[in-house]
Each structure stands twice: as structure tokens, then as C-alpha cells.
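Visitor: I would like to learn how to read a structure feature by feature. Where do we begin?

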Amino acid sequence: MPLAYYTSEEHFSHFTDEDHPEHAMRIMAIEQELKSQGIWEQLIHVNGRSADMPDILRAHSKGYVEQLHLIQPKHGHIYVDEDTAMSPGSLNAALWSAGSCTAALDDLAKGEQSRAFVATRPPGHHAEHRKAMGFCFLNNVAISALRAADIHHFQRIALLDFDAHQGNGTIDILGNDQRFLICSSFQHPFYPYTHYEQSKFNNLINVPLESGTGSATFRAMIEEHWQPALKSYAPELIIVSAGFDGHKDDPMAELNLLDSDYNWLGRMIDGIAAARNTPVLSILEGGYDLNALGRSVAAYLTGLKSN
Ligand SMILES: [Zn+2]
């Protein structure tokens, strides 16, 4: 079955600083690479939508969302923390970012597709219940997971996060909630430093990776820790925080993953999903070297639809 690709032009309304690593060219680089590899025309293309407030409020407090609206600047930009730039269109982009993910989720739940990738920004996995940080305002994967549980009645939802940074926001929102299993791999010690330890949660599988970790160790750790947990959990839905900043060329982290590792991840996830016809929703997180990002997404998507 073809893979569905969700995106929207609304991400352009989120302007970051000129030198900021999280910028609109990231989405364009992915599109360009998928076109150059001939993958683009094989995808089903769907335009996203803006998120509904009830979906946002399952993951974030009302006060926090109101505060975001209050601090959003009318001109230029402000910094919500030392990394997270906010411009006049940032909340619009964040709402479309989350809404494109819930749109993809709804189509997967209806069985219209079995694999979807959302090329979106701003990313989401660092956004906590009441805190914006690490380039993120709204937690796209947590918003999608909670809608999947409450509206579509999925009972076992696996969240996989292979971004180089731990998805602290996802754990803050979904930690210790038995409807979800969170599998996370990340450079450690590293940003966000508020390391969420596995021992404090009954639904978290952590794979901390030393600086310099390459393909062989990464794959062995995922096979040892994620795969048995996923097999026994038997998820009804898989949601992936697909961050590509663990690539060796990425300037934002110190892991040494290759394009081929993202293809391996795609095949691994596809294999687990194929056993029970489990739908897979993959949502873009990090990835800041434009060439490596484009190639890594292409490799991942090729792996995802290889079975
Ligand atoms: Zn990251």
C-alpha cells in the first residue's frame, strides 16, 4: 500500500532567526530529495489541517495555551527559552503542525492508509504539558496519541522516538499511562538534560547512547531493548517521533548514524507493524543538516514501505 505524505504550506508562517537551525528549508530539502530519488511521485499527497482545541487540551494545560497566545509577538520574534524562537505566525504553524498529524491519524484509523509520514514544523517532542522548549510548542506525537486513545479507542499505542535528543515532553505527558509504551533512544548525557529515567516510569524503555555511537552499537541496542518490548506489547498503533539529528553529518548532536541506519529503522518498524497490520504514523522531529536530512528521510520512507 502506498505511503501517505502529509504537509502544509502553513509552516512557512513560523519564522526563526536567520541563523536558527530549525527553519523552513528543512521541509523543502526533504521534498527536493524525495523528488530527486523518484520517491515523491509514489506517495499519496495530503494537505494537513489546523488542530482542534480539544485535541490540544488533552496534552497541554489551558493556561499554557492561553499564555502562548499572550506572548506571541506582533512583529519580529521573541525567544520562549534560549533555543525556541517565536514569530507572529508561530502558533498558527504549530496548530497546523499538530493538526496535520491528527489528520494523518484519522485517515490511518479509518484504514485509508497504513503508513503515513508528516513533514511538519515546528517539531513537538520537547514540548511538555505546560512548557515550550527545544524548538517545540505543541507536542505533536502526544496530541496524536491521546486522540488515538480517546477518539479512535486504540488500546495499546507504541511511541517510538529515535531523535538524538530524548523526547522529554512526550514522557512528561504520557509517562506512566498504561495506554502507551514509550521507546526512546537518545544521546546521553545531552540536551534536554532533564533526563527521564526509566525506573521512574512503568511504560518507558530508554536506550541512552554515548557520544560517537555508530551503526553497529545503535542497532544492537535497539534490537536488545526496543524489539522484545514491542513484540510483547503488540501495539495496535505505532506513532514515531522521527528525528534525524543522530546522523553523523548533523551539527546538533554527536552520534554517527548513517543514511542506511534510517532505512534499517524503517524496515524494523515496518516489520513489527506488518505482523498485525498495525498502522504507523511517523512525524518529523529533528534533523538539521539539509543534505543528510533529505537523504535520511528518503532512506527511512523506503524502509517503511519495503515489506
Ligand atoms: Zn533532536
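Guide: We will go through the metal site, the pocket, the rings, the cysteines and the backbone in turn. Keep in mind that this is a predicted model.

Visitor: Start with the metal. Which residues coordinate the zinc ion?

Guide: Look for N, O and S atoms within 2.8 Å of the metal. Here D163 (OD), H165 (ND1) and D245 (OD) coordinate the zinc ion, at 2.0 to 2.1 Å. Water is not among the atoms, so a site may look incomplete.

Visitor: How are the donor residues spaced in sequence?

Guide: The pattern is D-x1-H-x79-D. H165 sits in the loop between β6 (157–161) and α6 (168–174), and D245 in the loop between β9 (237–242) and α8 (259–274), so this pair ties together parts that are 80 residues apart in sequence.

Visitor: Are H165 and D245 buried or exposed?

Guide: Buried means under 20% relative accessible area. H165 is buried, and D245 is too.

Visitor: Now the pocket. What does a probe tell me?

Guide: Rolling a probe the size of a water molecule over the atoms shows where empty space is left. In this model the largest pocket has a volume of about 170 Å³.

Visitor: Which residues are the closest to the centre of the largest pocket?

Guide: There are 15 lining residues, and H126, F135, H165, Y191 and M252 are the closest to the centre. H165 is also a donor to the zinc ion.

Visitor: How does the lining of the largest pocket divide by residue type?

Guide: The lining holds 6 nonpolar, 5 polar and 4 charged residues.

Visitor: On to the rings. How many aromatic pairs are there?

Guide: Rings pair if their centres lie within 6.5 Å. The count comes to 10 aromatic pairs. Take Y5 and W40: their centres are 5.0 Å apart, with 70° between the planes. Planes over 60 degrees apart count as edge-to-face, and this pair is edge-to-face.

Visitor: Where in the chain do Y5 and W40 lie?

Guide: Y5 is in strand β1 (residues 4–7). W40 is in the loop between α1 (25–36) and β2 (44–47). The two are 35 residues apart, and their pair links distant parts of the chain. Both Y5 and W40 are buried.

Visitor: Which residues do ring pairs link into a cluster?

Guide: F162, F244, Y262 and Y300.

Visitor: Next, the cysteines. How many disulfides are counted?

Guide: A disulfide is a covalent bond between the sulfur atoms of two cysteines. The count here is 0 disulfides. For C136, the nearest cysteine sulfur is that of C101, 12 Å away. For C183, the nearest is again that of C101, 19 Å away. The cut-off for a disulfide is 2.5 Å.

Visitor: Are C136 and C183 buried or exposed?

Guide: C136 is buried, with a relative accessible area of 0%. C183 is also buried, at 0% relative accessibility.

Visitor: Now the backbone. Where are the cis peptide bonds?

Guide: Check omega. The bond from R121 to P122 is cis, with omega near 0°. P122 lies in the loop between β5 (115–118) and α5 (140–150). The bond from Y191 to P192 is cis as well, with omega near 15°. P192 is in the loop between β7 (180–187) and β8 (204–209). Y191 also belongs to the lining of the largest pocket.

Visitor: And phi? Which residues other than glycine have a positive value?

Guide: Among them are A234, with phi near 50°, and N277, with phi of about 55°. A234 lies in the loop between α7 (215–233) and β9, and N277 in the loop between α8 and β10 (280–284).

Visitor: Buried or exposed, for A234 and N277?

Guide: A234 is buried, at 12% relative accessibility. N277 is exposed, with a relative accessible area of 71%.

Technical notes. Residues are numbered from 1 along each chain as its sequence is written. This is a predicted model: local features need pLDDT of at least 70, side-chain atom pairs count only at pLDDT 80 or more; totals for chains, interfaces and linings use all residues. Side-chain values use heavy atoms; hydrogens and water are left out. Donors are N, O and S atoms within 2.8 Å of the metal (3.2 Å for Na, K and Ca); water is not among the atoms, so sites may look incomplete. Helices (H or I, at least four residues) and strands (E, at least two) are DSSP runs, numbered from the N terminus. Buried means under 20% relative accessible area, exposed over 50%, partly exposed in between (1.4 Å probe, protein chains only). On a 1 Å grid over the protein atoms alone, a cavity is a set of points where a 1.4 Å probe fits but cannot get out, and a pocket is an open set with protein on both sides within 12 Å along at least five of seven lines; lining residues have an atom within 4 Å of a point. Grid points are joined across faces, edges and corners, and a volume is the space filled by probe spheres set on the points. Ala, Val, Leu, Ile, Met, Phe, Trp, Tyr, Cys and Pro count as nonpolar, Asp, Glu, Lys and Arg as charged, and the others, Gly among them, as polar. Rings of Phe, Tyr and Trp (its six-membered ring) pair if their centres lie within 6.5 Å; planes under 30 degrees apart count as stacked, over 60 as edge-to-face and the rest as tilted.
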